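Welcome! Take a moment to look over the sequence and turn the model around before reading on.

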Amino acid sequence: MNVKPLPVGLDNFEKLVTRGYYLVDKTLFIKELLDKKGDVNLFTRPRRFGKTLNMSMLQYFLEDARTQGGTKMDHCLLFQGLKIMQAGKQYLSHMGQYPVISLSFKAARQPDFDLAYRMLVRQVADEFRRHRFVMEILPKEQKARYQQMLWEKPDRENFGDALKFLSECLEQFYGKKVIVLIDEYDVPLENAYFSGFYEPMVSLLRSLFESVFKTNASLEFAVVTGCLRVSKESIFTGMNNLEMISIFSKSYDAFFGFTQEEVKKICADFHLCHKYETAKEWYDGYVFGNTHVYNPWSVIRFVKDMLADDTSFPAAYWANTSSNSIVRTFIEQADVETKVEIEHLIEGGTVEKPVYEDITYDEIYHSIDNLWNFMFFTGYFRKVSERMDAKTRQVFAVFQIPNEEVRLIFRTKILAWFDEKVKAKDRTRLFTAFVEHHTRQLEKEITDLLLETISFNDAYESFYHGFLLGILSGMKGYLVKSNREGGTGRSDLYVKPLTRRREAFVLEFKVAKKFRELEQKAREALLQIEDRQYVRELNDDGYEKVARYGIAFFGKDCVVRIAEDGAEGIK
């Protein structure tokens, strides 16, 4: 099949083009940016939605050819056949015309402030090195300061306005104002918050950004990208020239992520039209402005896997690519109401929440609503609709899980985090009640733990099975096994003591469709144990005394009944 290779994880525009990778043409992003003439443009999108590749594309289009050691013709060849080349002379006149400062703050994800600061210094120093030829026209004093940056030894004051200083040097050399591109601006803030040095990092970035964006006469315009929109009061203080373009914005809405038409074309180009509906079900569902958007990272990975074997199953490729620290905290802090809402979302429902776009990382934990917002802006939910309250003027949005990929993340990763939380609790009373046949106490302990976790209707059978297996594991002196052959069928669980002098247990559970059916279902479970002779295997293995538990579930409620060896009836 004569198709280009897919650029999995490739975010360098020049490499993608010159090495012949498949390209989804987003070059009209350049046209819209030049048309709107924003001074400082902050784009916030979820991770892996094409921000870095777009920044690389901007740099290769706009940067003066001399910086890259080439000519304007090299720029034309790089963009040959792409949409921007047909946009008009007024846009092509900007090609290769500007000095550009291009930085990524990804490397600032470090365990302490000193290391994070040194990595930021190194990133800025690399940009000074890339432009070191400007030193030939600098006066002695500026040259000495420039040399300090090359040696990565600026004092904190000089580093605070290092980007403004570099802008001034570049304007002197080129005779033109400078374009500044900063990718993943919020990575240092998120990392600093979790690592315990948020305030000094905020102070550092505030001085860096204020000097280069607010008081920089050498600035032509700037583009900044990140995952979360951080309030002006934290690092963008007093910047009236800052244009915020979030996923609510109607402009630029088709330039991050893949549109439906683009995904259809990818499937057609790779002769996978029969896989389009699967791609839509799993990776569509996001709404940026008024545009429906697919997760580009996942679509590329999906198509690549289908090319290798189109009978393989779709996967949650995005699960391990985004930051999960705050999401895990969201799960750990969830109250009963929030857990019910998460269950409702997993089942395909919606929830309505107030929208707060201007928050800081240290405000995320101030309320559960802030955590909902963080998950929305980082891609775990999509906006179904929005409204403004007539009295308070507060904006509310209706959230929904966007697609099967994210739903699977909830069902696996987030459900596992709830399970970890449950297993961390002291289960001594549960174990005692279980071994001593205290059915009422056992019902209470199981119900209390069910209230700590989440479940979803279309997986109740497997959920309750895994739940019982998990909460009974860890009993000292016992082994807990599931779905072992016994007699003429398969019991759900059995609990086997390490010594045969103790009593063993067989468990069977049922899921009731109505609350009033719980008692009946628990007794049905006990009858099934007897009818199918689940006890036989344990008897054959030397366990003379075996108790049988029948447990019925309805939502977070349960009924526990037991039949004991040598005892009449059921308790």
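## Helices 21 and 22

Helix 21 passes helix 22 in a right-handed crossing. Keep in mind as you look that this is a predicted model. Helix 21 covers residues 439-450 and helix 22 covers residues 460-472; their axes come within 12 Å and cross at roughly 115 degrees. Because angles of 65 to 115 degrees count as roughly perpendicular, helix 21 is roughly perpendicular to helix 22.

Which residues meet where helix 21 and helix 22 touch? From helix 21 come Ile446, Leu449 and Leu450, and from helix 22 come Phe463, Tyr464, Phe467, Leu468 and Ile471. This contact divides into 8 nonpolar residues, with no polar and no charged ones.

## Helices 17 and 19

Another pair to find is helix 17 (residues 336-346) and helix 19 (residues 404-423), which pack at an angle of about 150 degrees with their axes 11 Å apart. Since angles over 145 degrees count as roughly antiparallel, helix 17 is roughly antiparallel to helix 19. Helix 17 passes helix 19 in a left-handed crossing.

Here Lys339, Ile342, Leu345 and Ile346 in helix 17 meet Arg407, Phe410, Arg411, Phe418 and Lys421 in helix 19. By class, the residues of this contact are 5 nonpolar, no polar and 4 charged.

## The largest pocket

Now let us turn to the open spaces. The largest pocket has a volume of about 720 Å³. It is lined by 35 residues, and those closest to its centre are Leu10, Asp11, Arg48, Phe49 and Gly50.

Which helix gives the most to the lining of the largest pocket? That is helix 3, with 5 residues. Helix 1 (13-18), helix 3 (51-62) and helix 15 (296-308) each supply at least two residues of this lining. Sorted by class, the lining holds 18 nonpolar, 8 polar and 9 charged residues.

## The second largest pocket

The second largest pocket has a volume of about 370 Å³. Among the 17 residues that line this pocket, the closest to its centre are Thr52, Gln59, Ser102, Leu103 and Ser104. Its lining divides into 4 nonpolar, 7 polar and 6 charged residues.

Helix 3 turns up again here, giving the largest share of the lining of the second largest pocket, 5 residues. At least two residues each come from helix 3, strand 2 (100-104), helix 6 (113-130) and strand 3 (178-183).

Terms used. Residues numbered from 1 in each chain as written. Predicted model: local features only at pLDDT ≥ 70, side-chain atom pairs only at ≥ 80, totals over all residues. Heavy atoms only, no water. 1 Å grid on protein atoms, 1.4 Å probe; cavity = no way out; pocket = protein on both sides within 12 Å on 5 of 7 lines; lining within 4 Å. Points joined across faces, edges and corners; volume = space filled by probe spheres on them. Helix = DSSP H or I, 4+ residues; strand = E, 2+ residues; numbered from the N terminus. Nonpolar A, V, L, I, M, F, W, Y, C, P; charged D, E, K, R; others polar. Axes fitted to C-alpha atoms, helices over the stretch in contact; angles between N-to-C directions. Parallel < 35°, antiparallel > 145°, perpendicular 65-115°, else oblique. Left-handed = near helix turned anticlockwise from the far one by under 90°. Contact = heavy atoms within 4.5 Å.
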